[in-house]
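Me: I have a sequence and a model here. Please take me through its pocket and its nonpolar cores.

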Amino acid sequence: MTVTANLHPTRFFFLNHGETDWDRDGRLAGRINAPVNDRGIAQARRAGEMLRGSGIGTICSSPQDRALMTAEIVAAHIHAPIVTIEGLRDCCFGSLDGALGGDWLDAWRHGVTPDGAESARNFLSRGVRAMNLALQRPGPVLIVAHPAIYVAFQRAAG
């Protein structure tokens, strides 16, 4: 699948949200608002320590708990403002939010959309638009979001 949107060329950092119990169990939370677990909190603290001194001007985050909690922990270390961007939300898998990955996920990637889900094509386009919106902020920008958003970036970047 090709994403036709172009990325805004600028320096940025991307950080996946800290681990949740759903991640640990191999489930795709999608739009389920799963908070980071203790390991995820520790991961966010380490990331904040690593990013201290990086000059990040803005943190742009998905509004979902797991990403926003991660962004807040990192912000405490680097003292940058957080801007939430709706388009950085994880993909909605509809009736399969919370399911284990498997054949259905491969089918979704190839255009088969589960009941109530966002299509892969729409998700990838939304992810690129949201990344571009984030990259218009004072930078360098740290984007805190979900693995699938990074996949959207990778596809657009080629």
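Reply: The questions below cover the pocket and then the cores of this predicted model.

Me: Which helix supplies the largest share of the lining of the largest pocket?
Reply: The largest pocket holds about 390 Å³ of space and is lined by 20 residues. The helices α4 (103–109), α5 (120–134) and α6 (147–157) each supply at least two residues of that lining. The largest share is four residues, and the helix that supplies them is α6.

Me: How many residues of the lining of the largest pocket are charged?
Reply: Leu-28, Phe-93, Arg-109, Pro-147 and Ala-148 are the lining residues that lie nearest the centre of the largest pocket. Across the lining, 11 residues are nonpolar and three are polar. The number of charged residues is six.

Me: Which element gives the most residues to the largest nonpolar core?
Reply: The largest nonpolar core has 24 residues, and Cys-60, Ile-85, Leu-88, Trp-108 and Ile-143 touch the most other members. At least two residues of this core come from each of α4, α5, β4 (141–145) and α6. With seven residues, the element that gives the most is α5.

Me: Which residues named Phe does Ile-143 touch, leaving out residues up to four places away in sequence?
Reply: Contact here means heavy atoms within 4.5 Å. By that cut-off, Ile-143 touches Leu-15, Cys-60, Leu-88, Met-131, Ala-134 and Leu-135, among others.

Me: How many residues are in the second, separate core?
Reply: This second core is separate and includes Ile-59, Val-74, Ile-78 and Ala-80. Its number of residues is 13.

Note on methods: Residues numbered from 1 in each chain as written. Predicted model: local features only at pLDDT ≥ 70, side-chain atom pairs only at ≥ 80, totals over all residues. Heavy atoms only, no water. 1 Å grid on protein atoms, 1.4 Å probe; cavity = no way out; pocket = protein on both sides within 12 Å on 5 of 7 lines; lining within 4 Å. Points joined across faces, edges and corners; volume = space filled by probe spheres on them. Nonpolar A, V, L, I, M, F, W, Y, C, P; charged D, E, K, R; others polar. Core = buried A, V, L, I, M, F, W, Y, C linked by side-chain atoms within 4.5 Å. Buried < 20%, exposed > 50% of the residue type's maximum accessible area, 1.4 Å probe, protein only.
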